[in-house]
Amino acid sequence: YLLQDQFDNLEKHTQWGIDVLEKYIKFVKERTEIELSYAKQLRNLSKKYQPKKNSKEEEEYRYTSTRAFLATLNEMNDYAGQHEVISENMTSLITAELTRYVQELKQERKSHFHDGRKAQQHIETCWKQLEASKRRFERDCKEADRAQQYFEKMDADINVTKADVEKARQQAQLRHQMAEDSKAEYSSTLQKFNSEQHEHYYTHIPNIFQKIQEMEERRIVRIGESMKTFAEVDRQVIPIIGKCLDEITKAAESVDHKNDSQMVIEAFKSGFEPPGDVDFEDFTQPMKRTVSESSLSNSRGDGKSEPKFGSKSKGKLWPFIKKNKLMSLLTSPHQPPPPPPASASPSAVPNGPQSPKQQKEPLSHRFNEFMTSKPKIHCFRSLKRGGAGPEDFSNLPPEQRRKKLQQKVDELNRDIQKEIDSRDALTKMKDVYIKNPQMGDAASVDHRLAELGQNIEKLRLEVQKFEGWLAEVEGRLPARSEQPRRQSGVYEAQNASGVNSCAQDRESPDGSYTEEQSQETEMKVPATDFDDEFDDEEPLPTIGTCKALYTFEGQNEGTISVAEGEMLYVIEEDKGDGWTRIRRNEDEEGYVPTSYVEVYLDKNAKGA
């Protein structure tokens with residue numbers, strides 16, 4: 001029974017060891033899941049803050065600070081990859097290996113305890129055989145004694161016949177022989193049991209216990225090695241993680257505030273000269289005052305006089321300057337707005353660059369205009385809010401115009417190179433067809449070659465055109481004194497070729513002029529003076545809603561990006577120029593192509 005108790009204890013202990021091993025496997029498996037989840041979250045975080053392609057946000061990453069942030073995002077992606085490596089290595093080196101080892105351990109444990117039970121059953125069987133032989137020997141001895149006593153009794157009795165006495169004697173001899181045989185069998189069985197018992201306790205059971213002990217020790221060693229591997233897997237990725245952190249530090253150290261500031265200056269540098277001093281105007285004779293040539297109030301005179309160049313250019317030099325409305329009326333030139341982006345209907349044309357109907361007015365009249373009316377000037381607003389500008393970018397400041405023209409020239413040169421490469425490839429293909437007619441018809445590529453030649457010629461003409469404008473800008477840009485006259489000259493040329501410079505060749509998201517001609521005549525206040533003030537007014541009310549049919553990436557200033565299926569508010573209908581003004585929230589509004597949205601107008605708002 002003591003041996004059986006030990007087997008039970010060993011069985012319980014070894015089962016506990018297997019449970020510990022399985023618990024450790026579960027722990028490592030959960031750790032790998034945490035590592036995978038952490039890596040996934042890091043990747044999603046890095047992806048979330050990556051700049052969107054072909055968006056304004058992507059342009060912001062030219063600064064050193066934002067490039068450093070982008071490098072940080074990329075390194076975080078690599079950092080997440082190392083946590084995935086930890087998960088993979090722990091799964092392959094620990095979880096998978098220990099799971100397989102546990103199955104082998106269970107089979108080995110089962111085999112050892114089966115051998116132990118088999119040995120126990122064998123010794124128990126031997127013991128039972130010994131006990132049976134012993135009882136049989138004891139019984140035969142008692143039977144022999146009784147038979148001997150009976151024979152002696154019969155032999156002493158004179159009344160018993162001789163035959164009965166002989167029978168009793170034979171019976172006694174038989175029983176005595178049976179007792180001797182039982183004694184010999186019992187002795188043999190006893191010797192055999194003692195031998196089996198000695199082998200059981202000194203050979204079989206110690207061997208089984210030794211195997212169980214070795215099995216348990218291997219389990220303990222294996223779990224210790226797994227714990228060591230657990231640490232080594234982490235330690236192996238530390239150098240790579242350290243490199244990721246070093247790269248983040250290196251990116252942070254590359255941030256150059258001076259360079260970023262210079263890039264901002266280059267991006268927004270206009271090339272305009274500061275305005276000159278405002279001349280003194282003598283109002284001692286209100287109706288017959290003499291206005292100096294450089295005074296800004298003489299812009300209401302004849303638009304063809306030469307001094308107007310100076311007054312126009314002075315208004316043009318600082319179009320984004322913020323002035324109060326009174327100073328705008330007193331000092332700003334009544335010049336036409338900057339050249340429109342594309343054509344508009346002739347009905348939207350005001351009275352030309354310098355309307356002959358506009359005469360010099362008393363200061364009190366101009367002040368009354370300021371106090372009683374709100375000008376609605378759309379030409380400059382359309383320029384400012386990013387409509388489709390003119391082809392030569394003449395609506396931009398000189399420096400910005402030069403950059404745009406250079407970009408356009410580079411883009412056209414790339415297109416020309418692509419067409420040339422395609423033409424060269426087709427030419428080689430045609431040569432192959434000529435040499436090997438069975439491969440194809442050489443005449444089949446002639447039409448495409450002709451198209452490519454025409455495309456290349458068109459693109460080269462475009463390049464020449466833009467290079468001419470670029471040369472004009474680069475030739476005049478350094479000579480600051482010529483800049484105002486050149487700007488005015490552009491306006492004069494446009495006014496001479498079209499009806500006026502504010503609405504002709506217009507294709508702005510803001511729409512063409514919708515005000516009456518008389519209103520435009522009365523309200524000839526420059527857009528450069530009132531535009532900022534106009535923007536500070538109350539926001540336009542919504543007149544309906546719209547649903548985006550397609551995704552639109554607002555590249556130009558004044559437009560707004562929308563995603564397919566997005567619902568937005570309509571604040572201004574399409575005026576016939578193909579653009580609709582929408583609002584997403586209080587801070588985001590702009591123009592989108594009308595064909596990109598499905599508009600649902602509010603009937604009450606539309607009627608109003």
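Which residue stands opposite I582 in strand 3?

Author: The residue opposite I582 of strand 3 is V570. The model is a predicted one, in which local features need pLDDT of at least 70 and side-chain atom pairs count only at pLDDT 80 or more, while totals for chains, interfaces and linings use all residues. Residues are numbered from 1 along each chain as its sequence is written, and side-chain values use heavy atoms, with hydrogens and water left out.

Strand 3 covers residues 579–583; strands (E, at least two residues) and helices (H or I, at least four) are DSSP runs, numbered from the N terminus. Strand 2 (residues 567–572) is paired with strand 3 in the antiparallel sense over 3 bridges, where pairing requires that DSSP find at least two bridges between two strands. The hairpin of strand 2 and strand 3 has 6 residues between the strands, and G576 there takes a positive phi near 105°.

Strand 4 is also an antiparallel partner of strand 3, over 5 bridges. In this pairing I582 stands opposite G590, and T580 stands opposite V592. The hairpin from strand 3 to strand 4 runs through 5 residues.

These strands belong to an open sheet of 5 strands in the order 4-3-2-1-5, with antiparallel pairing. Strand 4 (589–593) and strand 5 (597–601) are at the edges; each has a single partner strand, so one side of each is left without a neighbour in the sheet. From one strand to the next, the twist averages 40°; angles run from 0 to 180 degrees between N-to-C directions, and axes are lines fitted to C-alpha atoms, for helices over the stretch in contact.

As to burial, 5 of the 5 residues of strand 3 are buried, so strand 3 is largely enclosed by the rest of the structure. Buried means under 20% relative accessible area, exposed over 50%, and partly exposed in between, with a 1.4 Å probe and protein chains only. W579, R581 and R583 point one way from strand 3, whereas T580 and I582 point the other way.

Elsewhere, the largest nonpolar core has 28 residues, and L21, Y24, M90 and I94 have the most contacts inside it. Such a core is a set of buried Ala, Val, Leu, Ile, Met, Phe, Trp, Tyr and Cys residues joined through side-chain atoms within 4.5 Å. Helix 1 (2–48), helix 3 (64–156) and helix 4 are the elements that give two or more residues to this core, and helix 3 provides the largest share, 11 residues. W579 is included, with I543, A548 and Y591, in a second, separate core of 13 residues.

Y24 and I94 are also contacts of S226, as is L98, leaving aside neighbours of S226 within four places in sequence; contact means heavy atoms within 4.5 Å. S226 lies in helix 4 (residues 162–253) and, at 6% relative accessibility, counts as buried. With the same exclusion of neighbours within four places in sequence, L21 is in contact with L98, Y101, V102, L105, R219 and I223.
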